[in-house]
Amino acid sequence: MKKLTLLVLTSFLFLGVQAQKFEKLAMTPPMGWNSWNKYGCNVSEVLIMGMADAMVSSGMKDAGYEYVVIDDCWQVSRDENGEIVADKDRFPHGIKYLADYIHSKGLKFGIYSCAGTLTCAGRPAGRGHEYQDALSYSRWGVDYLKYDWCNTGTQDAKSSYSIMRDGLFAAKRPIVFSICEWGSNKPWEWAGSVGNLWRTTGDISDSWNSMISIFSQQKDLAKYAGPGHWNDPDMLEVGNGGMTTEEYKTHFSLWCMVAAPLLAGNDLQNMSPDTKTILTNKEIIALDQDVLGKQATCWRDNGNYQIWMKMLSNNEKAFCLLNSSDEKKSVLVDFALLAQARNDWDENEKPMSLNNYTVRDLWEHKDLTLKESSIYVDLLPHSVKVYRFNRK
Ligand code: GAL
């Protein structure tokens with residue numbers, strides 16, 4: 001009996017100090033807005049509050065966007081106690097004031113730091129201050145932390161990120177932990193127990209080539225993603241001007257297919273109708289946010305014509321036909337065959353019969369009326385078609 005009590009006591013003690021991340025966070029890929037892609041270092045209280053306002057008034061919040069994240073350059077120094085200090089000119093009321101404002105809008109607040117000695121923009125970073133910074137973030141009301149990888153010298157990635165995870169856990173406020181080491185140390189292999197999302201590549205830029213090359217690097221990573229732990233192919237460029245509307249539709253569709261975190265990176269205060277339509281397409285977003293949390297796999301690869309398949313809850317699934325070539329393509333699509341498609345390695349997936357499903361075009365917002373199971377589909381250059389098989 002004594003032995004049993006001792007065993008229970010020691011396991012309690014052990015569990016009490018055991019490193020862990022918060023449970024039940026980011027059960028679907030996080031959605032929000034981040035300052036970096038459009039504004040770089042040019043961040044301020046006025047900008048961030050304006051974006052929070054616009055997130056609500058533009059319908060982005062209704063579509064599911066939640067986190068408003070300040071990226072690099074909000075911080076300028078540390079005080080005599082080592083506390084991180086925000087730029088007083090740009091954030092005159094301090095970070096807690098901003099967090100409170102964002103919370104008052106029914107949104108959540110995110111911030112940025114880095115595992116090295118300095119951030120990528122040369123600002124003070126977290127190395128050696130992890131627990132102290134986690135306490136500040138917790139006190140301010142931070143809900144999301146993006147943690148970068150500049151100026152890390154010979155640091156080990158897994159242990160560096162684990163220190164911050166433990167700091168956040170010790171500070172007791174559930175904070176989504178976004179690991180940003182650009183895929184350098186294969187975070188998909190170790191970060192599931194450390195963070196909630198991890199970058200899989202270097203930085204995206206606002207061009208077709210950058211976007212499609214990043215997307216192609218997600219191909220073998222599907223098995224590592226799931227509720228609470230996601231592959232992150234970087235933030236969205238939709239609406240920033242470097243791609244055509246068709247290309248932005250493709251960018252957004254592909255990110256939703258691979259269950260990517262959806263962090264818009266454009267000016268929410270001045271969105272064109274096209275940009276708004278893309279970012280708030282609820283039927284496409286529903287693929288990303290599906291509770292099963294499966295990342296799409298490439299089911300057929302014909303080089304610049306690919307078919308991606310995403311399994312969804314309720315035995316439903318989605319397909320994305322991708323024409324990444326510079327030419328228009330007309331492809332014969334057999335929906336009966338698609339209904340039967342499954343990933344061989346996943347024994348939970350059952351082949352389905354087209355008879356039990358309706359097929360919906362998620363950009364046209366229309367169910368298909370299929371007289372035959374095969375039809376020709378026209379794909380513009382750099383475009384997609386996204387179909388969802390809904391149970392009848
Ligand atoms: C990069 C990161 C970007 C952005 C930038 C800030 O390392 O990948 O997303 O955060 O640092 O300096």
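Which residue in β8 does S178 stand opposite? S178 faces L197.

## Ground rules

This is a predicted model, so local features need pLDDT of at least 70 and side-chain atom pairs count only at pLDDT 80 or more, while totals for chains, interfaces and linings use all residues. Residues are numbered from 1 along each chain as its sequence is written, and side-chain values use heavy atoms, with hydrogens and water left out.

Strands β7 (residues 176–179) and β8 (residues 197–199) run parallel and are joined by 2 bridges. For the bookkeeping, two strands pair if DSSP finds at least two bridges between them; helices (H or I, at least four residues) and strands (E, at least two) are DSSP runs numbered from the N terminus.

## Rings

Searching the whole structure turns up 17 aromatic pairs, meaning Phe, Tyr or Trp rings (the six-membered one for Trp) with centres within 6.5 Å; planes under 30 degrees apart are stacked, over 60 edge-to-face, and the rest tilted. F319 and F389 have ring centres 5.6 Å apart and planes at 65 degrees, so they count as edge-to-face. That pair links distant parts of the chain, with F319 in β13 (residues 316–323) and F389 in β18 (residues 383–391), 70 residues apart. Both F319 and F389 are buried (under 20% relative accessible area, with a 1.4 Å probe and protein chains only).

Ring pairs also tie W299, F319, F335, Y357, Y387 and F389 into a cluster. The charged end of R300 sits over the W299 ring, 3.9 Å from its centre (the cut-offs are CZ of Arg or NZ of Lys within 6 Å of the ring centre and within 35 degrees of the ring normal).

## Nonpolar cores

The largest nonpolar core has 91 residues, and W33, Y65, W74, F252 and W255 have the most contacts inside it. Such a core is a set of buried Ala, Val, Leu, Ile, Met, Phe, Trp, Tyr and Cys residues joined through side-chain atoms within 4.5 Å. Helix α3 (residues 45–57) gives this core its largest share, 7 residues. Apart from it lies another core of 21 residues, including M309, V331, A341 and L379.

## A buried glutamate

E349 lies in the loop between α12 (335–340) and β15 (357–361), and is buried at 7% relative accessible area. Leaving aside neighbours within four places in sequence, E349 is in contact (heavy atoms within 4.5 Å) with M311, R342 and N343.

Key: Buried means under 20% relative accessible area, exposed over 50%, partly exposed in between (1.4 Å probe, protein chains only).
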